[in-house]
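I set out the structure before the entries.

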Amino acid sequence: MALPRFLVVSLGNQAPFFDCLHSAGHFALSAAQKALAPSQPRFASERYGKKACMVSSALPYTFIQSPTMMNNCGPWVLAAWKEMLQRHGLQSSELGLVIVHDELEASLGAVKIRKWEASHRGHNGIKSVKNSLDSVNCPRDRWSRISIGIGRPVERTPDVVADYVLRKMSSHQKQTIDSEVGPKIVRSLRELQDRWHEDQD
């Protein structure tokens with residue numbers, strides 16, 4: 001049986017907001033690469049979707065950190081998805097897609113697999129991705145999301161929330177993601193892989 005392939009894309013921001021809470025997905029994906037090393041190589045700059053981005057490519061996972069700002073990441077994710085299919089001569093049914101993103105409604109470091117069609121809960125990155133990928137005419141049963149909890153401020157006003165997610169991560173927050181979230185991401189990916197095999201049996 002052929003090993004299923006997964007394109008795993010983290011959402012976040014670029015400089016000067018790269019190391020903010022809204023980019024927790026990027027840090028989580030880096031932590032997952034470390035947890036899988038040496039079978040998952042270090043991130044290196046490659047071009048996907050006509051943009052330079054940080055990529056760690058192996059079997060079964062190709063990790064890519066989205067090179068765009070969060071709110072407008074959808075068109076690039078769509079382009080990267082199509083390019084991945086073309087590069088490896090795959091049908092859409094042969095490539096899983098996993099989006100790794102931050103989650104305000106969960107405590108710091110909590111990791112959860114979410115169905116593709118689950119509510120975006122106001123997450124602009126997820127809204128952008130779903131809007132763009134709605135144009136893809138293929139089954140979505142191999143598409144999933146993995147959320148990374150970042151906590152939430154006491155006040156829920158839009159301005160306070162925006163300030164919170166764009167706040168620079170503390171050393172404690174980075175350490176939590178690096179040491180605790182990486183292995184959880186790996187377990188989640190392997191669970192998705194097991195589900196794929198179960199569906200094929």
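Over which ring does the charged end of Arg 87 sit? I found that it sits over the ring of Tyr 48, 3.7 Å from the centre. I count a charge as over a ring if NZ of Lys or CZ of Arg is within 6 Å of the ring centre and within 35 degrees of the ring normal.

I note that this is a predicted model, in which local features need pLDDT of at least 70, side-chain atom pairs count only at pLDDT 80 or more, and totals for chains, interfaces and linings use all residues. Residues are numbered from 1 along each chain as its sequence is written, and side-chain values use heavy atoms, with hydrogens and water left out.

Rings of Phe, Tyr and Trp (its six-membered ring) pair if their centres lie within 6.5 Å; planes under 30 degrees apart are stacked, over 60 edge-to-face, and the rest tilted. I looked up Phe 6 and Trp 196, an edge-to-face pair with 5.4 Å centre to centre and 75° between the planes. Both Phe 6 and Trp 196 are buried (under 20% relative accessible area; exposed is over 50%, partly exposed in between; 1.4 Å probe, protein chains only). I also recorded Phe 18 and Phe 27 as a tilted pair, 5.5 Å centre to centre with 45° between the planes. Phe 18 counts as partly exposed because its relative accessibility is 30%.

I traced a cluster in which ring pairs link Phe 6, Phe 43, Tyr 61, Phe 63 and Trp 196. Over the ring of Trp 196 I located the charged end of Arg 142, 4.4 Å from the ring centre.
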